[in-house]
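Please look over the two chains shown here. The report below takes each in turn, then the contact between them.

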Amino acid sequence: MSQHVGYSADHRLRWTEYLPWIAGIAVFFVLPEYLSLGARVLTYILFALSLDLILGYAGIITLGHAAFFGFGAYVTGIMAAKMGITDPLIQLFASGVAAGLLGLLTGAVILRTHGLTQLMLTLAIAALCLEIANKATDLTGGADGLSGVVIAPILGQFKFDLYGKTAYLWCLALVFCGWWLIRRLIYSPFGATLTGIRENSMRMHAIGAPVYWRLVVVYTISAAIAGVAGALLTQTNQFVGLNVLGFEPSGELLVMLILGGVGRLYGAFVGPVVFLIAQDFLAKQFPEYWYFGIGLMLVIVVLFARGGILGIIDGLVARFKAKKA
Amino acid sequence: MDAFLSSLVSVAFHGVAYGMILYVISVGLSVTMGLMGFTNLAHGVFAMAGGYILVSSLANAVPFPIALAMSFLIVAAASVVLERLLYSRLYGAAELEQVLFTIGLIFMSVAVARLIFGTLQQPVILPDYLKGQFSLLGRDFPAYRVFLILFSSAMIAGLWFGVERTIWGAMVRAAVDNRPMAQSVGINTKRLFSITFAVGSGLAGLGGALGAEIVAIQPTYPFEQLVYFLIVVSVGGLGSLRGPFVAALLIGITDTACKYWVPQFGAFFIYVATIGLLLWRPAGLFGKRT
């Protein structure tokens with residue numbers, strides 16, 4: 001876990017924090033042929049940010065975060081394909097609220113438990129959502145997925161074009177909003193209580209912090225953000241399939257976040273970029289090796305590089321500075 | 001009425017067979033998690049490995065009993081190597097690290113299984129004496145399932161005798177209850193754990209092999225079945241033998257009944273029941289309250 005980000009740290013923007021946004025805008029102009037992959041990466045960055053908030057800062061281990069992502073994706077999909085509500089802003093809002101409510105409901109229940117029971121409950125809730133989506137074929141299309149998703153132009157002005165330009169900028173704007181919100185949260189007293197609960201929940205109880213309610217609130221916020229990320233996925237793909245729910249997407253998201261670095265905010269940026277680009281190049285040609293690769297990488301990160309890629313970079317920078325001094 | 005009765009008998013019979021398989025696979029997980037507090041999500045990998053060993057030895061005309069024994073022994077031996085080389089580095093580590101590490105193992109094993117066996121489900125070629133029907137009280141039961149229930153019952157009886165009546169079992173129970181105390185009276189808990197881990201993994205391998213005909217052996221096995229194994233352990237309660245047994249039978253029968261009478265709901269009831277039960281008793285049916 002990182003010690004650099006938190007309430008006690010300097011909350012002003014460092015120069016490195018501009019880099020993701022410069023890179024995000026540069027990609028739009030320099031690599032126009034990769035914009036659809038870019039939109040996908042941005043969607044997963046938002047999703048990973050939401051996981052980092054509860055896992056990295058509040059220390060809640062979940063194997064079922066995809067439940068909220070998938071729920072948001074289906075809410076937007078069903079609105080667009082079955083109910084004729086095509087405005088993207090309304091869809092995002094509805095997905096966020098719906099996923100947030102699901103988060104509040106399930107969070108109020110699972111956060112009363114600990115350890116294996118909690119882990120099991122997150123998994124069971126995700127499995128339950130998958131089962132419902134699989135069986136309610138009238139609404140979700142079941143295993144065939146939900147196609148015929150129609151998305152109106154954003155604010156009535158910007159149409160989702162064939163080259164993915166609008167989709168990319170739309171995702172970039174929403175990742176920016178999500179990042180801003182989460183960064184504000186982390187540097188607030190609220191964020192400080194979360195870190196405190198992660199480090200020592202007994203002591204937080206002892207000093208009178210409302211541990212349970214803080215966790216429920218952060219779980220709800222995280223679920224809502226994950227729901228918005230799911231809505232983005234539906235809007236940019238104009239399709240929803242069962243693969244947005246269940247254990248595998250939750251596991252893959254964990255892999256992305258761990259790869260980037262947990263509890264460092266920008267790990268949620270680095271992880272999806274590396275993971276999804278590697279997946280795009282490798283997974284189709286060598287699916288077996290790809291799966292083996294992510295497994296091996298997880299094992300190596302856990303055993304040797306607990307801070308992920310950003311942890312390694314931090315270590316190198318520290319060593320470089322030590323040499324200079 | 002008679003039709004209903006016979007479907008009731010059939011559901012109970014197949015449910016018990018499935019529950020036995022679930023128990024044989026999951027009991028090792030319950031003990032290792034209770035003993036070392038290690039969250040081993042990769043337990044299903046051992047079951048899958050056992051299944052593949054059985055299926056491929058049967059395809060190569062190895063006799064069935066030898067194939068079963070091999071699935072136990074090879075998996076147990078391999079698990080000791082894994083435990084000494086990898087798992088032991090993470091004893092006492094944070095739960096998140098154990099979770100991530102074992103998810104990593106799942107991904108790797110899925111890839112290896114796909115590379116060797118392809119993505120298709122493996123057919124089980126049973127010997128002739130286990131095919132066909134077995135009639136009892138005027139009803140016909142599939143002979144293999146009868147064998148499965150009898151064999152598992154015998155094994156479970158053996159396991160219970162081992163844990164409740166032998167010195168090894170007493171040491172395991174002592175270590176589950178209070179590890180520092182067990183260590184201080186001279187029990188070598190490290191070696192004890194290696195042995196227990198091997199037996200538990202071997203049983204998972206055996207369970208996977210026995211159940212290959214019920215639970216399809218395919219590369220996604222460790223992912224798809226994980227929920228069921230974890231439900232058995234968490235509903236039953238960590239570190240106990242009796243709890244997971246009751247839980248496994250309950251799940252086996254409920255799951256079979258739901259698939260028989262209300263297939264449109266799938267596994268819906270199992271998940272709802274699990275969530276409800278864990279809220280009622282967070283430590284499981286027979287778990288120690290902490």
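## Chain A: overall build

In this predicted model, chain A has 14 helices and 0 strands.

Along the principal axes, the C-alpha atoms of chain A fill a box of roughly 60 × 45 × 40 Å.

## Chain A: α3 against α10

Helix α3 (residues 66–81) of chain A crosses helix α10 (residues 211–237) of chain A at roughly 50°. Their axes come within 6 Å. At that angle α3(A) and α10(A) are therefore oblique to each other. The crossing of α3(A) over α10(A) is right-handed.

Which residues of α3(A) meet α10(A)? They are A:F68, A:F69, A:G70, A:F71, A:G72, A:A73, A:V75, A:T76 and A:G77. By class, the contact of α3(A) with α10(A) has 11 nonpolar and 8 polar residues, with no charged ones.

## Chain B: overall build

Chain B comes to 11 helices and 2 strands. Along the sequence, the pattern of chain B is α-α-α-α-β-β-α-α-α-α-α-α-α.

For chain B the radius of gyration is 19 Å. That is close to the 19 Å that the globule rule gives for 290 residues, so chain B is as compact as a globular protein of that length. The box filled by the C-alpha atoms of chain B, taken along the principal axes, is roughly 60 × 45 × 35 Å.

## Chain B: the hairpin

Strand β1 (residues 133–136) of chain B pairs with strand β2 (residues 139–142) of chain B. The pairing is antiparallel and runs over 4 bridges. B:L136 has B:R139 in β2(B) as its bridge partner.

β1(B) and β2(B) form a hairpin, with 2 residues between them. In the turn, B:L137 has a positive phi of about 50°.

## Chain B: α3 against α8

Helix α3 (residues 64–85) of chain B packs on helix α8 (residues 189–210) of chain B at an angle of about 140°. The axes lie 7 Å apart. α3(B) and α8(B) are therefore oblique to each other; over 145 degrees would count as roughly antiparallel. α3(B) passes α8(B) in a right-handed crossing.

From α3(B), the residues in this contact include B:L68, B:F72, B:V75, B:E83 and B:R84. Among those they meet in α8(B) are B:F197, B:V199, B:G202, B:G205 and B:L206. The residues of the contact of α3(B) with α8(B) divide into 12 nonpolar, 6 polar and 2 charged.

## Where the chains meet

How many residues of chain A are in contact with chain B? The count is 32 residues of chain A, against 39 residues of chain B. On the side of chain A that touches chain B, the elements giving two or more residues are α5 (115–135), α11 (247–260) and α13 (287–304).

α5(A) provides the largest share of that side, with 13 residues. By class, the side of chain A that touches chain B has 22 nonpolar, 6 polar and 4 charged residues.

Methods
Residues are numbered from 1 along each chain as its sequence is written. Chains are lettered from A and ligands numbered from 1 in the order in which they are written. This is a predicted model: local features need pLDDT of at least 70, side-chain atom pairs count only at pLDDT 80 or more; totals for chains, interfaces and linings use all residues. Axes are lines fitted to C-alpha atoms, for helices over the stretch in contact, and angles run from 0 to 180 degrees between N-to-C directions. Angles under 35 degrees count as roughly parallel, over 145 as roughly antiparallel, 65 to 115 as roughly perpendicular and the rest as oblique. A crossing is left-handed if the near helix is turned anticlockwise from the far one by less than a right angle, and right-handed if clockwise. Two residues are in contact if their C-beta atoms, placed from the backbone, lie within 7 Å. Ala, Val, Leu, Ile, Met, Phe, Trp, Tyr, Cys and Pro count as nonpolar, Asp, Glu, Lys and Arg as charged, and the others, Gly among them, as polar. Two strands pair if DSSP finds at least two bridges between them. The radius of gyration is taken over C-alpha atoms; the globule rule is 2.2 Å times the number of residues to the power 0.38.
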